[in-house]
Amino acid sequence: MFSTGQIIFAALFFVAFVVVIFFSYRKDLKLHRKYYKGTLYILFGFIAFIALLFLLKTYLKG
């Protein structure tokens, strides 16, 4: 499906992308802590909401 060259390019691109994202995040860590306080609670709330929807779907279907 993919040639060897395409797979190598995709792997190198992925590694380079992850490295750039990591260093960008580390550079802006102070700003993230300052401006994005409390976002972890929003993430947990969103995950809990999705879990509740999933449970309701399986409960009402069964």
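This is a guided tour of one predicted protein model, to be followed in the viewer.

Residues are numbered from 1 along each chain as its sequence is written. Because the model is predicted, local features need pLDDT of at least 70 and side-chain atom pairs count only at pLDDT 80 or more, while totals for chains, interfaces and linings use all residues; side-chain values use heavy atoms, without hydrogens and water.

**The whole chain**

Begin by colouring the protein by pLDDT, the predictor's confidence in each residue, from 0 to 100. The mean is 94, and 98% of the residues reach 70 or more.

Next, display the cartoon. The protein has three helices and zero strands; helices (H or I, at least four residues) and strands (E, at least two) are DSSP runs, numbered from the N terminus. The radius of gyration is 20 Å, well over the 11 Å that the globule rule gives for 62 residues, so the protein is more spread out than a compact globule. This radius is taken over C-alpha atoms, and the rule is 2.2 Å times the number of residues to the power 0.38. The C-alpha atoms fill a box of roughly 50 × 45 × 10 Å along the principal axes.

How much of the protein is buried? Buried residues (under 20% relative accessible area; exposed is over 50%, partly exposed in between; 1.4 Å probe, protein chains only) make up 2% of the 62 residues.

**Helices α1 and α2**

Select residues 4-27, helix α1, which has the highest mean pLDDT among the elements, 96. Then select residues 29-35, helix α2, where the mean is the lowest, 88.

**The aromatic rings**

Show the side chains of F9, F13 and F17, which form one aromatic cluster. The structure holds three aromatic pairs. Rings of Phe, Tyr and Trp (its six-membered ring) pair if their centres lie within 6.5 Å; planes under 30 degrees apart count as stacked, over 60 as edge-to-face and the rest as tilted.

Now select F22 and F23. Their ring centres are 5.5 Å apart and their planes stand at 70 degrees, so the pair is edge-to-face. F22 is partly exposed at 47% relative accessible area, whereas F23 is exposed at 54%.

**Helix α3**

Select F46, which lies in helix α3 (residues 39-61). Is F46 buried or exposed? F46 is exposed, with a relative accessible area of 52%. F46 also belongs to a nonpolar surface patch of about 1,300 Å², whose members include L40, F44, I50 and Y59.

Finally, select T39, which also lies in helix α3 and is partly exposed at 39% relative accessibility. Draw a line from T39 to A11: the two are 28 residues apart in sequence and 32 Å apart in space, C-alpha to C-alpha.

Note on methods: Patch = residues over 30% accessible without salt bridge, like charges linked within 9 Å, V, L, I, M, F, W, Y side chains within 5 Å. Areas by Shrake-Rupley, 256 points an atom, 1.4 Å probe, with all protein chains shown as cover. Salt bridge = Lys/Arg side-chain N within 4 Å of Asp/Glu carboxyl O.
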